[in-house]
Amino acid sequence: MAKYTPMIEQYLAVKEQAKDAFLFFRLGDFYEMFFEDAVKASRELEITLTGREGGGDERIPMCGVPYHSAEGYIQRLIEKGYKVAICEQMDDPAVTKGMVRREIVRVVTPGTIMEGKTIADKSNNYLVCVTESDRMMSLTACDISTGELYVTSVPSSVEWLRDEIGIYEPAEIIGDSSMLELIQAEQIQWSRPIVYTPWEKRDEKLVRSQFGEAAWARLDPERQQCVSVLISYLSETQRRSMGQLTQFSSYEPGHYMILDPFTRRNLELVETVRDRSKKGSLLWLLDRSQTSMGARLLRRWIDKPLLSRKAVEERLEAVEYLYNQFILREDIKSSLNEIYDLERLVARIAFGNANGRDLNALKISLQQVPALKELCRTSSSSTLQRIAGEMDECSDLCEAIDQTIVEDPPVSVRDGGLIKPGCDPHLDELREASINGKRWIAELEAKEREVTGIRSLKIGFNKVFGYYIEVTKANVGSLPEGRYERKQTLANAERYVTPELKEKEGLILEAQEKMVDLEYALFTELREKLASEISRLQLLAEKVAELDVYQSLAAVSAEQGFVKPVLTEGYDLVIEAGRHPVVEAVMKDSSFIANATRLTRDDAGILLITGPNMAGKSTYMRQVALISIMAQIGCFVPAGKAEVPMIDRIFTRIGAADDLIGGQSTFMVEMADIQVMTEKATPRSLIIIDELGRGTSTSEGMAIAQAVIEYVHDTIGCKSLVSTHFHELAHLEESLKGLRNYSMAVQESGENVHFLRKLVPGPAGSSYGIYCARLAGLPSSIIGRAYSLLQGLEQGVSQAAAGLETAEKQLSTTSAADQDETASDQPHAAATSEVIQLSIFGEDEIKPPAAKADSHVLKPDPSLSHLVETIKNADVMNMTPLQAMQLLNDLKMKAKDL
Ligand SMILES: Nc1ncnc2c1ncn2[C@@H]1O[C@H](COP(=O)(O)OP(=O)(O)OP(=O)(O)O)[C@@H](O)[C@H]1O
């Protein structure tokens with residue numbers, strides 16, 4: 001095989017270091033890609049694929065992008081989930097003999113981007129690292145564009161891992177390959193695509209030197225390991241100091257309310273279920289922030305509601321104060337409005353890619369701080385006063401920028417024109433020389449015109465020939481002999497230089513070159529000075545963001561008529577006139593119907609809610625969860641009055657999450673969720689289950705629903721809202737002390753049903769499902785047929801229920817003697833209530849059949865004794881839930897055959 005050229009050999013050697021990335025190989029003014037990379041990139045970026053002789057047997061596929069527009073191409077590849085390794089020329093080709101050295105200077109990955117369209121201003125872009133050691137799982141989340149770094153760990157648990165990743169919604173996850181496989185096996189459809197990079201190398205030394213020995217020592221060993229893996233990845237991909245990472249925030253997951261990814265989605269905390277847009281989410285409603293940092297912090301608060309009542313009350317104190325102080329709120333708002341994204345500015349400064357405009361943005365932002373601080377200091381809110389006390393105005397840094405950078409600097413920092421006069425005496429001298437030189441040239445032009453008598457003579461400049469005297473062809477004859485040396489011939493003009501022009505040009509260009517170099521040096525000196533004060537700036541950014549969130553929560557609370565919740569360490573959740581904040585806000589006619597909620601230890605901790613489709617059950621249940629979350633982030637809540645206990649976990653099982661997991665049936669998903677709930681829920685949790693037990697046959701669904709409700713009631717004992725279509729479950733109120741029936745009221749008038757959206761005590765009469773189908777516009781033939789089928793089905797259910805009731809009666813008489821005190825733990829009897837017939841239509845063509853369901857009790861059948869025997873012999877206490885379900889199903893089949 002023929003040998004490759006040295007350049008291709010060099011390419012291949014570099015490519016070895018970046019196998020999983022596109023290698024952007026700098027060749028002059030282009031980044032070139034070769035071989036497979038070229039073929040793939042030409043397809044992904046829609047650029048022309050060419051070829052090049054490289055010494056091998058065949059032409060080598062090649063494609064390239066101009067270096068000055070590479071940013072856009074890199075972003076497009078990152079958005080598609082690829083990585084890009086940037087390989088630069090390390091020597092100046094102009095002065096290098098032979099081949100220039102080339103090295104990878106940075107690998108851009110989805111989790112390590114610093115700027116650009118890919119990361120929205122108001123959201124974070126996290127890289128998450130997961131590791132496991134000694135049966136402890138650790139997770140580190142880092143956003144290098146803002147300098148945030150979080151680390152936490154717990155005894156190994158896949159659910160925890162899933163929940164925690166759900167909080168960060170990372171762009172990329174690195175870490176132990178076994179852990180990555182575990183996460184991928186969960187098949188969760190995250191709201192954004194995640195790139196997985198196995199990475200097990202660690203760099204403890206770097207972590208210790210970057211964060212200090214004291215901070216290192218405070219971390220548990222498993223967290224140390226996790227941070228070391230992450231930092232090693234950053235250092236190998238970014239290949240520069242990550243000065244923006246000044247500290248890590250190590251936290252205990254137990255300090256926050258736990259919300260699994262399904263619950264987050266179901267409650268539409270940061271995006272809607274339907275189109276995953278922010279609009280229509282709780283974040284959208286609460287976000288009146290003026291700065292991007294504030295917006296990101298608000299999102300973090302929503303992602304992690306607090307468990308410490310004291311900490312929440314401190315937040316509420318500030319929100320309440322600002323709620324009542326409209327003018328102060330407006331003043332704070334207008335100051336905040338002038339503040340740029342400090343976190344990202346500061347990260348760019350540390351990363352070394354901030355330009356003059358960035359420094360000025362920092363200056364303008366810092367100029368707002370004294371006023372903000374004063375507003376907080378003079379307030380009578382203790383929280384705001386604390387913020388004022390912690391705000392470092394950084395006026396020295398503001399002044400340094402002000403003295404150095406001109407008002408409107410260019411984008412580039414390498415071409416001069418960004419340092420103020422008076423900042424550096426040497427620069428001023430050079431400027432003077434350059435200005436004088438230019439003046440001299442202007443004078444020379446006038447002089448030459450006079451000497452030659454050529455009025456159109458002019459002096460110009462270009463990069464190739466420098467300064468020249470230009471004379472049109474017609475006037476060339478008028479030039480005196482000797483002094484003028486021809487440099488360039490154009491179509492209708494000639495260009496000349498003279499010895500004195502050449503000499504002056506040398507001086508001017510030298511001054512200019514020196515000036516540009518000196519300006520760059522002065523600029524980087526300032527940038528480095530700012531970089532060395534990065535922790536002060538980051539701390540200030542935190543305070544500004546916190547203040548911004550307070551004013552945002554206060555503004556929206558005042559605007560929407562929210563009230564301050566009363567937080568308790570107790571059990572009872574009592575809400576008067578509660579509303580769903582987002583549904584209410586999007587209703588144009590302010591017609592949202594408020595509903596109360598009472599979940600108390602003395603009365604009932606479980607509300608079993610029945611009611612027709614469309615009646616507002618889901619909205620009601622979500623509103624209770626949202627009120628709890630809002631209270632625990634420190635926001636006022638949409639209610640007339642609210643007493644809210646600190647809730648440790650909200651568990652929701654709401655229909656809309658069905659599409660989250662591919663390849664599993666709705667029913668299996670529901671059961672898996674319920675399983676997690678039974679394992680994790682505590683008495684301080686809140687459970688919300690919408691339409692429990694659907695997705696399987698009616699009788700099985702009903703049986704499972706009842707068993708689950710009993711388990712929640714007897715074993716977990718937490719507050720729960722359960723909605724169901726099985727009206728037959730209403731009887732549970734009799735057997736479960738802590739359960740109350742409620743329903744969403746409807747009013748029937750003639751043919752129509754009017755949804756009152758009002759929660760009333762007692763079970764619902766009917767589900768009106770077919771009525772809703774009619775509302776949705778289904779053909780009347782289908783509606784009519786559905787009604788007649790319903791009648792048949794209801795008779796069947798009624799008979800089966802009656803059969804079971806009889807069986808149960810027989811069982812109770814024959815086995816009364818066997819009963820002991822554990823009987824109350826046995827599954828409760830299947831529903832026996834009469835199924836209520838719909839009668840909401842008049843003499844319509846789709847009128848439901850008139851007959852009422854037959855509710856009489858059937859006579860016992862001889863084969864019933866077999867059924868009873870089976871029930872009697874069942875060793876219920878030693879059955880798994882699945883065996884119990886199986887038994888129940890067998891009984892049902894036998895009952896059907898009776
Ligand atoms: N309290 C309320 N006041 C005014 N409108 C409401 C109220 N609650 C719900 N709605 C409106 O009623 C519609 C149906 O509500 P929701 O989805 O909660 O009903 P549902 O009983 O859960 O129905 P389904 O069982 O079909 O899911 C929603 O579009 C919502 O806008």
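Which residues come nearest to the ligand? In this predicted model, where local features need pLDDT of at least 70, side-chain atom pairs count only at pLDDT 80 or more, and totals for chains, interfaces and linings use all residues, they are Asn613, Gly616, Lys617, Ser618 and Thr619, out of 13 residues around the ligand. A residue counts as near if its C-beta atom, placed from the backbone, lies within 6 Å of the molecule. Residues are numbered from 1 along each chain as its sequence is written. Helix α22 (residues 617-633) gives the most to this shell, with three residues; helices are DSSP runs of H or I, at least four residues, numbered from the N terminus. The shell has five nonpolar, six polar and two charged residues, with Asp, Glu, Lys and Arg taken as charged, Ala, Val, Leu, Ile, Met, Phe, Trp, Tyr, Cys and Pro as nonpolar, and the others, Gly among them, as polar.

The model scores ipTM 0.97 and pTM 0.79. Mean pLDDT (the predictor's confidence in each residue, from 0 to 100) is 85 for the protein chain, and 88% of its residues reach 70 or more.

Note on methods
Helices (H or I, at least four residues) and strands (E, at least two) are DSSP runs, numbered from the N terminus.
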